[in-house]
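Colleague: I'm new to this one. Could you put it up on the screen and walk me through it?

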Amino acid sequence: MRIAITGATGYIGQRLVRAARLAGHEVLALSRRPVIESGVAWQFFDLADATPQALPSDIDAVFHLAAETRHAAGAELTEQKAAQLLIDAAGSVRAAFIFISSQTACADAPTAYGRIKWKIERATIEAGGLVIRPERT
(Lines give C-alpha, C1' and ligand atoms only; values in the text may rest on other atoms or scores of the structure.)
Protein backbone atom coordinates (compact mmCIF):
# COMPACT_ATOMS: atom_id res chain seq x y z
CA MET A 1 0.00 0.00 0.00
CA ARG A 2 0.99 3.63 -0.41
CA ILE A 3 0.01 5.61 2.65
CA ALA A 4 0.18 9.28 3.60
CA ILE A 5 0.85 10.22 7.22
CA THR A 6 0.30 13.70 8.67
CA GLY A 7 2.37 14.53 11.72
CA ALA A 8 5.04 12.15 10.44
CA THR A 9 7.77 13.95 12.40
CA GLY A 10 5.89 13.79 15.70
CA TYR A 11 6.28 11.24 18.47
CA ILE A 12 3.64 8.79 17.21
CA GLY A 13 4.06 9.73 13.56
CA GLN A 14 7.74 8.78 13.50
CA ARG A 15 6.89 5.35 14.88
CA LEU A 16 4.05 4.85 12.40
CA VAL A 17 6.36 5.78 9.51
CA ARG A 18 8.93 3.20 10.65
CA ALA A 19 6.32 0.50 11.26
CA ALA A 20 4.74 1.09 7.84
CA ARG A 21 8.13 0.92 6.10
CA LEU A 22 9.04 -2.27 7.96
CA ALA A 23 5.72 -3.76 6.83
CA GLY A 24 6.66 -2.99 3.23
CA HIS A 25 4.41 0.01 2.61
CA GLU A 26 5.40 3.11 0.67
CA VAL A 27 5.07 6.22 2.82
CA LEU A 28 4.36 9.83 1.92
CA ALA A 29 5.13 12.00 4.95
CA LEU A 30 2.91 15.08 5.21
CA SER A 31 4.62 17.48 7.61
CA ARG A 32 6.20 20.91 8.00
CA ARG A 33 9.71 19.44 7.94
CA PRO A 34 11.08 16.59 5.86
CA VAL A 35 11.27 13.15 7.44
CA ILE A 36 14.78 11.79 7.75
CA GLU A 37 13.94 8.18 6.96
CA SER A 38 15.28 6.31 3.99
CA GLY A 39 12.74 5.66 1.27
CA VAL A 40 10.11 8.07 2.63
CA ALA A 41 8.68 10.66 0.23
CA TRP A 42 7.79 14.07 1.66
CA GLN A 43 5.17 16.70 0.94
CA PHE A 44 4.74 19.95 2.87
CA PHE A 45 1.70 20.02 5.15
CA ASP A 46 0.78 22.53 7.83
CA LEU A 47 -2.47 22.58 9.78
CA ALA A 48 -2.52 26.37 9.55
CA ASP A 49 -2.43 26.33 5.73
CA ALA A 50 -6.02 26.58 4.50
CA THR A 51 -5.03 25.59 0.95
CA PRO A 52 -6.74 22.37 -0.17
CA GLN A 53 -4.32 19.45 0.05
CA ALA A 54 -3.52 17.69 -3.23
CA LEU A 55 -2.67 14.02 -2.79
CA PRO A 56 -1.09 11.74 -5.37
CA SER A 57 -3.73 9.62 -7.11
CA ASP A 58 -2.07 6.37 -5.98
CA ILE A 59 -2.47 6.96 -2.22
CA ASP A 60 -4.44 4.11 -0.64
CA ALA A 61 -4.86 5.53 2.86
CA VAL A 62 -4.34 8.76 4.80
CA PHE A 63 -3.45 8.55 8.48
CA HIS A 64 -4.12 11.90 10.18
CA LEU A 65 -2.04 12.39 13.32
CA ALA A 66 -1.02 16.05 13.08
CA ALA A 67 -2.27 18.19 15.93
CA GLU A 68 -1.84 21.70 17.22
CA THR A 69 -0.94 21.35 20.88
CA ARG A 70 -0.55 25.06 21.73
CA HIS A 71 -4.14 26.03 20.86
CA ALA A 72 -3.92 29.74 20.31
CA ALA A 73 -7.04 31.73 19.52
CA GLY A 74 -8.71 30.31 16.42
CA ALA A 75 -6.78 27.02 16.56
CA GLU A 76 -9.98 25.02 16.95
CA LEU A 77 -11.39 26.16 13.61
CA THR A 78 -7.97 25.94 11.94
CA GLU A 79 -7.49 22.31 12.95
CA GLN A 80 -11.04 21.34 11.98
CA LYS A 81 -10.67 23.03 8.59
CA ALA A 82 -7.36 21.24 7.97
CA ALA A 83 -8.95 17.91 8.84
CA GLN A 84 -11.89 18.54 6.52
CA LEU A 85 -9.52 19.48 3.68
CA LEU A 86 -7.65 16.21 4.24
CA ILE A 87 -10.88 14.22 4.36
CA ASP A 88 -11.88 15.82 1.06
CA ALA A 89 -8.46 15.17 -0.48
CA ALA A 90 -8.57 11.52 0.56
CA GLY A 91 -12.05 11.20 -0.93
CA SER A 92 -10.94 12.73 -4.21
CA VAL A 93 -8.32 9.99 -4.71
CA ARG A 94 -10.54 7.30 -3.16
CA ALA A 95 -8.17 6.73 -0.26
CA ALA A 96 -9.28 5.51 3.16
CA PHE A 97 -9.12 8.22 5.84
CA ILE A 98 -7.98 7.15 9.31
CA PHE A 99 -8.00 9.70 12.12
CA ILE A 100 -5.84 8.96 15.15
CA SER A 101 -7.74 10.73 17.89
CA SER A 102 -7.20 11.08 21.63
CA GLN A 103 -8.58 9.48 24.75
CA THR A 104 -9.59 13.02 25.77
CA ALA A 105 -12.02 13.35 22.83
CA CYS A 106 -15.47 14.29 24.08
CA ALA A 107 -18.15 16.83 23.13
CA ASP A 108 -17.89 18.46 26.55
CA ALA A 109 -14.19 17.84 27.19
CA PRO A 110 -12.65 20.27 29.69
CA THR A 111 -9.93 21.17 27.16
CA ALA A 112 -10.08 22.63 23.67
CA TYR A 113 -7.83 19.77 22.56
CA GLY A 114 -10.41 17.15 23.56
CA ARG A 115 -13.30 19.07 21.98
CA ILE A 116 -11.38 19.52 18.72
CA LYS A 117 -10.55 15.82 18.56
CA TRP A 118 -14.22 14.94 19.12
CA LYS A 119 -15.35 17.26 16.30
CA ILE A 120 -12.79 15.79 13.91
CA GLU A 121 -13.94 12.30 14.91
CA ARG A 122 -17.50 13.26 13.92
CA ALA A 123 -16.37 14.67 10.55
CA THR A 124 -14.30 11.53 9.89
CA ILE A 125 -17.21 9.19 10.66
CA GLU A 126 -19.64 11.27 8.58
CA ALA A 127 -17.25 10.91 5.61
CA GLY A 128 -17.03 7.13 6.04
CA GLY A 129 -13.55 7.24 7.59
CA LEU A 130 -12.17 5.34 10.54
CA VAL A 131 -11.40 6.76 13.99
CA ILE A 132 -8.79 5.21 16.23
CA ARG A 133 -8.91 6.44 19.79
CA PRO A 134 -5.93 5.17 21.79
CA GLU A 135 -6.74 4.12 25.32
CA ARG A 136 -4.60 4.15 28.42
CA THR A 137 -3.04 0.83 29.28
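This is a predicted model: local features need pLDDT of at least 70, side-chain atom pairs count only at pLDDT 80 or more; totals for chains, interfaces and linings use all residues.

Colleague: Okay, so which helix is Ala112 in?

Modeller: Helix H3 covers 112-126. Residue 112 falls within that range, so by the DSSP runs the place of Ala112 is in helix H3.

Colleague: And is Ala112 buried, partly exposed or exposed?

Modeller: Its relative accessibility is 25%. Buried needs under 20% and exposed needs over 50%.

Colleague: What about Ser101, buried or exposed?

Modeller: Ser101 sits in the loop between strand E5 and helix H3. Its relative accessible area is 8%, and the cut-off for buried is under 20%. So Ser101 is buried.

Colleague: How far apart in space are Ala112 and Glu76, C-alpha to C-alpha?

Modeller: Along the sequence, Ala112 and Glu76 are 36 residues apart. In space, C-alpha to C-alpha, the distance is 7.1 Å.

Colleague: Which element gives the most to the largest nonpolar core?

Modeller: That core has 22 residues, and Leu30, Val62 and Phe97 have the most contacts inside it. Strand E2, helix H2, E5 and H3 each give two or more residues. With 6 residues, the element that gives the most is H2.

Colleague: How many residues are in the second, separate core?

Modeller: Ile5, Val35, Val40 and Ile98 are among its members. The count for this second core is 14 residues.

Key
Residues are numbered from 1 along each chain as its sequence is written. Side-chain values use heavy atoms; hydrogens and water are left out. Helices (H or I, at least four residues) and strands (E, at least two) are DSSP runs, numbered from the N terminus. Buried means under 20% relative accessible area, exposed over 50%, partly exposed in between (1.4 Å probe, protein chains only). A nonpolar core is a set of buried Ala, Val, Leu, Ile, Met, Phe, Trp, Tyr and Cys residues joined through side-chain atoms within 4.5 Å.
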